[in-house]
Amino acid sequence: MNLLLRATLVAAVAGVAVGSPAAAVAQVTRYPTKSIRLVNPYAPGGVVDIVGRVIAQKLNESWGQPVIVDNRPGAGTTIGTEIVVRAAPDGYTLLATSSVIATNVTLMRLPFNPVADLAPVALAAQAPYLLAVHPSVPAKSVQELIDLAKAKPGQIIYGSSGAGTTTHLAMELFRSLAKIDMLHVPYKGGVPSASALFGGEVHAVFYTLTAILPQARAGKVRVLAVSSPKRIATVPEIPTVAESGLPGFEVTGWYAVFAPATTPRAIVNQINAEINRILQRTEVREIFVANDLVPLGGTPEALGDYLKIEIARWAKVIRGAGIKSE
């Protein structure tokens with residue numbers, strides 16, 4: 001079962017509905033009455049910035065209060081995240097972050113526990129990756145790549161955005177499920193790793209649709225599969241890794257909003273309901289799709305359950321592969 005769907009079903013069984021009961025809404029009629037700070041633990045310009053700024057703009061339009069994106073990069077997102085963890089739990093300091101929040105638990109010694117110290121608000125979007133190989137690699141399918149790696153143990157080289165990044169973990173999960181031996185070359189970012197593939201320095205990568213598809217159409221790389229649990233609507237001809245020989249394989253980057261742990265439930269519900277409305281807007285969905293993002297939404301409970309599932313799943317992969325953060 002899709003990990004996100006599983007988390008959503010858990011929340012549904014608990015009797016949770018998007019939005020808040022009338023009594024809860026009454027408790028937050030005065031929220032917000034001032035500007036809101038949306039902390040982004042990354043530098044400006046990345047995907048979290050896109051997601052955060054779209055949500056901030058639309059919240060501003062809905063509530064008539066400024067929602068200011070505050071970029072606080074550093075220490076693998078720890079600096080910005082800790083700002084929110086230590087903030088007053090009043091709904092005026094929020095966190096826009098990525099799936100790194102689930103992997104850092106195992107990769108780093110954190111000064112906080114994201115499950116205990118943050119309140120899940122809403123899962124905004126997911127981003128799939130493409131598994132691509134250089135044209136010099138004879139494999140034309142996932143199964144052929146697996147067979148090639150088995151025939152040449154340790155000789156197939158894959159690149160990543162860096163040790164412990166999602167693109168690294170995606171290939172480690174692939175390698176583990178396929179029971180193959182591949183050589184990892186970490187780069188300082190996704191663009192250098194993709195460039196290494198285009199230039200033939202590495203044989204394979206998992207990377208974004210925006211970067212890979214134009215090169216595939218130009219014949220510079222060959223796309224084998226998409227990492228999401230379902231095919232992508234914009235490129236339905238590309239099969240998933242799961243349907244191509246590795247059942248259960250699922251990797252997506254994901255982007256979500258959190259608040260300090262003891263933020264009143266009524267405020268969390270109000271923010272959640274508004275974000276869900278925002279994610280249904282046509283112009284927002286168009287921006288997300290243009291940036292390889294699948295708009296999601298859902299309850300705070302679904303996000304909380306999904307976070308726990310992701311932490312446990314990636315802890316197994318990280319420990320099994322002996323991965324250390326850079």
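In strand S3, Leu94 is the bridge partner of Leu38. Start from that pair. The model is a predicted one. Strand S1 covers residues 36–40, and S1 and S3 pair in the parallel sense over 3 bridges.

Return to S3. How many of its residues are buried? The count is 6 of 6, so the strand is mostly covered, with buried meaning under 20% relative accessible area. In a regular strand, side chains alternate between the two faces of the sheet. Follow this along S3. Thr93, Leu95 and Thr97 point one way. Leu94, Ala96 and Ser98 point the other way. All of them are buried.

Next comes helix H5, residues 100–107. Its buried residues are Ile101, Ala102, Thr103, Asn104 and Leu107. Among the elements that cover them are S3 (93–98), S4 and S10 (252–260). Helices take part too, including H6 (114–117), H8 and H13.

H8 and H13 also meet each other. Two packed helices are described by the angle between their axes and the distance between the axes. The axes of H8 (residues 166–178) and H13 (residues 300–321) come within 10 Å and cross at roughly 75°. That makes H8 roughly perpendicular to H13. On the H8 side, the contact is made by Leu169, Ala170, Glu172, Leu173 and Arg175. On the H13 side, it is made by Arg313, Trp314, Val317, Ile318 and Ala321. By class, this contact has 7 nonpolar, no polar and 3 charged residues.

Helix H10 (residues 209–217) shows how a helix can have a buried face. Leu209, Ile212 and Leu213 are buried. Seen down the axis of H10, its buried residues fall within an arc of 100°, so they line one face of the helix. Why does such spacing work? An α-helix has 3.6 residues a turn, so residues three or four places apart point the same way. What covers the buried residues of H10 includes strands S4 (118–128), S5 (130–133), S8 (204–207) and S9 (222–226), as well as helix H9 (190–198). After H10 comes Gly219, with a positive phi near 80°.

Finish at Arg285, in helix H12 (residues 282–290). Is Arg285 buried or partly exposed? At 30% relative accessibility, it counts as partly exposed. Leaving out residues up to four places away in sequence, Arg285 touches Leu279, Gln280 and Pro295. Arg285 and Pro295 are 10 residues apart in sequence, yet 6.3 Å apart in space, C-alpha to C-alpha.

How values were computed. Residues are numbered from 1 along each chain as its sequence is written. This is a predicted model: local features need pLDDT of at least 70, side-chain atom pairs count only at pLDDT 80 or more; totals for chains, interfaces and linings use all residues. Side-chain values use heavy atoms; hydrogens and water are left out. Helices (H or I, at least four residues) and strands (E, at least two) are DSSP runs, numbered from the N terminus. Buried means under 20% relative accessible area, exposed over 50%, partly exposed in between (1.4 Å probe, protein chains only). Contact means heavy atoms within 4.5 Å. The arc is that of the directions from the helix axis to the C-beta atoms. Axes are lines fitted to C-alpha atoms, for helices over the stretch in contact, and angles run from 0 to 180 degrees between N-to-C directions. Angles under 35 degrees count as roughly parallel, over 145 as roughly antiparallel, 65 to 115 as roughly perpendicular and the rest as oblique. Ala, Val, Leu, Ile, Met, Phe, Trp, Tyr, Cys and Pro count as nonpolar, Asp, Glu, Lys and Arg as charged, and the others, Gly among them, as polar. Two strands pair if DSSP finds at least two bridges between them.
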